[in-house]
Amino acid sequence: MKKLAVPILLTLIFSVALIQFFEQVRLTPVLASSQGEAIDVLLRVVLILASVVFSLVISFFLYSLLSFRRRPGEPEEGPPMEGSTSLEIAWTVIPLFIVVGLSIYSARILFDITAPPNPEKELEVKVTGFQWAWTFEYPEYGITSPELVLPVNRSVLFRLHATDVIHSFYVPEFRLKMDAIPGIENLIRIRPTEKGTYKVRCAEMCGTGHAYMEAPVRVVDEAAFQEWVTKQAALAQVPAMAEAGEAAVPTLTAVEAGRQYAQQFGCLACHSVDGTRMVGPTWKGLFGHQVILEDGTTVTADETYLRNSIVDPAAQLVRGYPNVMPTTYKDQLTQEQIQAIIEYIKSLR
Amino acid sequence: MDGAQTSLLITIVGALAGILVLDALWVLARRAGLNWATGKAMVMDFLSIGAIRGLIIGTMGAGGGMLLAMGVRAWQGRPAWEAAPVTAIGAIVGTLAFLAGVGAFRDWWQWGMGAEAGDPPHAHNGLAHWRRYFSFDPNHKVIGIQYTVTSLFLILSAGVLALLMRLELAEPGMQWITADSYNHIMGVHGIVMIAGILLGVGGMANYLVPLMIGAQDMAFPRLNALSYWLTPPGAILVLLSLAMGGFSTGWTGYPPLGARDPLGAQFFYLGVFLVGLSSILGSVNLLTTILKMRAPGMSLFRMPIFVWGILATSLIQLIATQFIGMAFLMVVLERLLGIGFFDPTRGGNVILFQHIFWFYSHPAVYIFVLPGLGVISELLPVFTRKPLFGYRAVALSSMGIAIIGFLVWAHHMFTVGLSNAASVAFMFSTMLVAVPTGVKFFNWLATLWEGKLSFETPMLFVLGAFVIFLIGGVTGPFLGAVPLDLHLHDTYFVVAHFHHTMFGGFVYPFLAAIYYWFPKATGRWYDEKLGKWHFWLMTVGFLMITSSMFRLGLLGMRRRIGDYDPTLGFGPWHLMATVGGFLVGLAMLIFLVNVVRSVRVGALAPANPWRSRSLEWQIPSPPPEENYSQPPVVVGRPYDYGVPGSVYVALGPAPAGK
């Protein structure tokens, strides 16, 4: 029994030290959702359990290594302990109770964080992931945006879709992720609790641009959200106004509309506007300059070239860049939208 | 550009491997007493080696298969050349031709023709007859070495790929390779490691099981050799994928991405299929051998505990492997014939693939770790000089893990949109794995208790495995608890947890096994000092990698990305992981030097240097061609260290000549 005292004491010391350590260190990013609060509590519970189990095993382990080493002059063989049925039962049954308890506790949290709010009306956002960008549609307001803007303290139901391969909607500050899968609609419910700017980061391998498949998230107060909605709704009218030949609101130029489209359709996931090298060639200073193609020829980046590159990206591939741009834009974009994007590219001197 | 880099990479890895092989060949040739006068004869000899013949005939077969496919297409009035179907036929015909060239079908063919094929050639013994290791040889000890060396080659190659990834990740931004190259290297690292681990398991099982149970060989020696020789074409196809545009899905191969990837993906799927086939055939052989060929008196509960691990692993391999084969074959059919199994626009279901895939690939991790845990249980009694505490519980816990392992697959899929009820069910089954795994840990602790411990290199790796697997174990419930997994899934936390289970459950025990049975297989000692350097460098390096990965994962660092947001401040942690990675690389280099040197010039080892009670140590080292001149008789329990007068085995008369 005396031999047991030391490792048991060690277990206590290690447990307290480890738990204290994890309390002191900031382990997770900023917490910004009510679901995340529950998940962080669960994290602490599991950390404490894991710390105690680890300390128990490692204390007996270290104590054995230190005190049962083979010393010269001792008998060659150890005592023939074959086993003990009561010990086997103990260390089968006790862990069983721990893991069943942990599972029940986790299950309760899962049902809590996925339950719909009652009677509050949820904001619905349809999220579409495609290689390699996100768009966010607010059906209530008729808005589609490349940026996810959410009112604080209101439950949001995300309907996740994907058009090509599997993506995963993940905002580390919200602590939740859910896959966006072609042919399936997945739901996830989040109540943002902390104003700030975050990012959606795609968490399921989706090809070349996966690392850069991010979209900005802004959590704002209700008033700012309503203001944003109004502005976006107006912006959604731009193409119609342009078609009708009306003079738009002064800020809503064709260049501005092109910038919006470039974001909305994911162009900026691969093309930088500040000269940074990304998956595709930068747009900065592109218009009117010479471009070296894969076959060694040069071409001037005029309007025709830009239009061709949008509708048939593989035809005139720029040297040094992979042939990964989707060929679906000729169906996705109207002529007016393409023209607006070209105007935007022209403006990036 | 991408292709150029990958071919450069293949060239470097290939050149390194070539140098090693040439060096080994040179030494072996010298030891076989060859000189320049006999050199010419040796070249002729060389061409008669199975592997060389297989490669030549296999290449011709691949070309012939492609011509055949093009001929059929032309005859059908279609354009003769289309890369995907033509190369697929080429790969299949090439594999069969390789096997025929190696000589895998020779005896069966002769039997089929009504002739007596006679016994397999059993003329040689020991390392001097190096040609055996490059030929179709049915002796289980030769096959065990073949598996082990191939496994080390694959693991080291995949390790080089890991270092390339770590180099790229050391700071944010893309510095060394493109985003595509990163993805391709990441996928090949994963699948080649998995193939390497499967082959490592095969190596240990083939070499040790017949020796440990007192059998002359495996139940089906020719099938055994065929299982091994299926793996080189598999490995070649997977490595070729890098040159064929790569695959960007990672080793999991999820469609639709995998169905849209370039030609490289097809090579990857076909290569894995071959390795899987090898794995199934190997498990049939091992199950039969263990169940039917034990020495008289060796009841199941008198088997060495390592054999229990192999028994459990083989059961999983036999039952589960077909599922990954089927999943990958379905993607290949989707790619080649347009059958939309997993394509929602053609009535398929994307998630179906993941269910089939994980039905193998989760139990697969127990295929990897159960033999390793068996090594830990096998070696602990020897180095503590005590019986294995709770032998029956340890043996049955392996079976428990194997069975529960079949019920947990969807815990890899908590974010695909399972119903809450399904998630909770899979959470319960997942958490249950902790119980039999815990039983192993507690019995190991009780085995250490009051023992007479000594700390030679094999024991160090066993103890290292204990700690590393323990950390892998206690980080499991973080991922098993569904709500927490919604945060941690697909982050570095998973990567760190997984590598802890693989290093603790396979890599460390595998290395312990290589050091421990090195005197058995070669009759020589490894260098103890280099062994200790290997252990400490590797352990420090590995813990540097994973501690930063756990940290990054909790902070939300996604896995499988070659570049990360510089504003998150992840840089220093990644740098630490990269330094740790290169420490592990250095340690493995020391290991390689140790092994290659010790095979040639290591001090001669006595027959039973560890004073083990196990059967394989009661005969000379290296073991004679036929293992036991007379079947040994088992009369007691295997681990009765310290029990006065206890006897495990009664051997017949010593083999002649020794």
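Student: What should I know about the model before reading numbers off it?

Tutor: It is predicted: local features need pLDDT of at least 70, side-chain atom pairs count only at pLDDT 80 or more, and totals for chains, interfaces and linings use all residues. Residues are numbered from 1 along each chain as its sequence is written, chains are lettered from A and ligands numbered from 1 in the order written, and side-chain values use heavy atoms, without hydrogens and water.

Student: How do you know that chain B agrees with a compact globule in its radius of gyration?

Tutor: The radius is taken over C-alpha atoms, and the globule rule is 2.2 Å times the number of residues to the power 0.38. For 658 residues a compact globule would come out near 26 Å; chain B has 25 Å, so the two agree. The C-alpha trace of chain B spans about 70 × 60 × 45 Å along its principal axes.

Student: How many helices and strands does chain A have, and how many does chain B have?

Tutor: Helices (H or I, at least four residues) and strands (E, at least two) are DSSP runs, numbered from the N terminus. Chain A has nine helices and twelve strands. Chain B has 21 helices and two strands.

Student: Why is Ile109(A) called buried?

Tutor: Buried means under 20% relative accessible area, exposed over 50%, and partly exposed in between (1.4 Å probe, protein chains only). Ile109(A) has 8% relative accessibility, so it counts as buried. Ile109(A) sits in helix 3 (residues 85-114) of chain A.

Student: What does Ile109(A) contact, beyond its neighbours within four places in sequence?

Tutor: Contact means heavy atoms within 4.5 Å. Ile109(A) is in contact with Ala38(A), Leu42(A) and, from the other chain, Pro483(B).

Student: Why is Asp40(A) called buried?

Tutor: Its relative accessible area is 16%, so Asp40(A) is buried. Asp40(A) belongs to helix 2 (residues 34-67) of chain A. Leaving aside neighbours within four places in sequence, Asp40(A) is in contact with Thr28(A), Leu31(A) and Arg175(A).

Student: Why is Arg175(A) called buried?

Tutor: Arg175(A) has a relative accessible area of 0%, so it is buried. Arg175(A) lies in the loop between strand 6 (167-171) and strand 7 (176-180) of chain A.

Student: What makes the phi of Arg175(A) worth a remark?

Tutor: Most residues other than glycine have a negative phi. Arg175(A) is not a glycine, yet its phi is positive, about 70 degrees. In chain B, Arg611(B) also has a positive phi, near 50 degrees, and is not a glycine.

Student: Why is Arg611(B) called partly exposed?

Tutor: Its relative accessibility is 33%, so Arg611(B) counts as partly exposed. Arg611(B) is in the loop between helix 21 (571-601) and strand 1 (633-634) of chain B.

Student: Why does Ala219(B) count as partly exposed?

Tutor: Ala219(B) has 24% relative accessibility, so the label is partly exposed. Ala219(B) is in the loop between helix 7 (179-212) and helix 8 (221-243) of chain B. Not counting residues up to four places away in sequence, Ala219(B) touches Asn285(B), Thr288(B), Thr289(B) and Met293(B).

Student: Which residues does the cis peptide bond in chain B join?

Tutor: Most peptide bonds are trans. The cis bond joins Pro255(B) and Pro256(B), with omega about 5 degrees. Pro256(B) is in the loop between helix 8 and helix 9 (257-260) of chain B. In chain A, the bond from Asn118(A) to Pro119(A) is cis, with omega near 5 degrees. Pro119(A) is in the loop between helix 3 and strand 1 (123-130) of chain A.

Student: How many residues of each chain are in contact across the interface?

Tutor: There are 90 residues of chain B in contact with 89 residues of chain A. The two chains bury about 7,600 Å² between them, 67% of it on carbon and sulfur atoms. Buried area is the accessible area (1.4 Å probe) that two parts lose on being put together, summed over both.
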